[in-house]
Amino acid sequence: AAARHAPQGLLSSLAEVLEPQLEQISPSALSACIWAFARLKTQLDQGFLVSAVNHAAEHAEAFSAVELANVVWGLGALNCCAAALAPEVQRRLPRMSERHAAVAVRALAAS
């Protein structure tokens, strides 16, 4: 079966639309978008990535453990430093599943 890929321009345009609306986007939606951008190896503007990591860090307590792990992994996969999320990951490590903790810690170590 042929791999399915969204056009690069479409994904970049989506990021441009999302950036000014970050305050209105739910943690679940932002997590899903970051994960999808990373999974599809989308080349994104660094401005969007910086805005996304800053927003996630400011609202980290609103993210579930899964959402937080996905954001940290996605940002790392997109070559964006997610160090601003390290304090929240560290605070939640004792309550994270082994899988999500490993994903988050590995992504932070690589960023």
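This is a predicted model: local features need pLDDT of at least 70, side-chain atom pairs count only at pLDDT 80 or more; totals for chains, interfaces and linings use all residues.
Trainee: Why is arginine 91 called partly exposed?

Mentor: Its relative accessibility is 45%. That value falls between the two cut-offs, under 20% for buried and over 50% for exposed. So arginine 91 counts as partly exposed.

Trainee: What makes glutamate 88 count as buried?

Mentor: Glutamate 88 has 12% relative accessibility. Buried means under 20%, so glutamate 88 counts as buried. Arginine 92 is buried too, with a relative accessible area of 8%.

Trainee: How do you know that arginine 91 and glutamate 88 meet in a salt bridge?

Mentor: Look at the N to O distance, 2.6 Å. The cut-off is 4 Å, from a side-chain nitrogen of Lys or Arg to a carboxyl oxygen of Asp or Glu. The pair therefore qualifies as a salt bridge. Both residues lie in helix H5 (residues 86-92), three residues apart, about one turn of the helix.

Trainee: What makes glutamate 88 and arginine 92 a salt bridge?

Mentor: Their closest N and O atoms are 2.7 Å apart, and the limit is 4 Å. They sit four residues apart in helix H5, so about one helical turn separates them. Shared partners join Glu88, Arg91 and Arg92 into one network. The whole structure has two salt bridges.

Trainee: Why does spacing of three or four matter in a helix?

Mentor: An α-helix has 3.6 residues a turn, so residues three or four places apart point the same way.

Trainee: How do you know that the span of H6 agrees with its number of residues?

Mentor: H6 has 13 residues. The expected span is 1.5 Å times one less than that number, which gives 18 Å. The end C-alpha atoms of H6 are 18 Å apart, so the two values agree.

Trainee: Which residues of H6 are buried, and what puts them on the same side?

Mentor: The buried residues are His100, Ala101, Val103, Ala104, Ala107 and Leu108. They cover an arc of only 165° around the axis, which puts them on the same side of H6. The face turned away carries the exposed Glu98, Arg99, Arg106, Ala109 and Ala110. H4 and H5 are among what covers the buried residues.

Trainee: Which residues have the most contacts inside the largest nonpolar core?

Mentor: Phe37, Leu44, Phe48, Leu49, Val72, Leu75 and Leu85, in a core of 33 residues. Helices H1, H2, H3, H4 and H6 each supply at least two of its residues. Beyond its neighbours within four places in sequence, phenylalanine 48 contacts Ala15, Leu18, Glu19, Ile34 and Phe37.

How values were computed. Residues are numbered from 1 along each chain as its sequence is written. Side-chain values use heavy atoms; hydrogens and water are left out. A nonpolar core is a set of buried Ala, Val, Leu, Ile, Met, Phe, Trp, Tyr and Cys residues joined through side-chain atoms within 4.5 Å. Buried means under 20% relative accessible area, exposed over 50%, partly exposed in between (1.4 Å probe, protein chains only). Contact means heavy atoms within 4.5 Å. The arc is that of the directions from the helix axis to the C-beta atoms.
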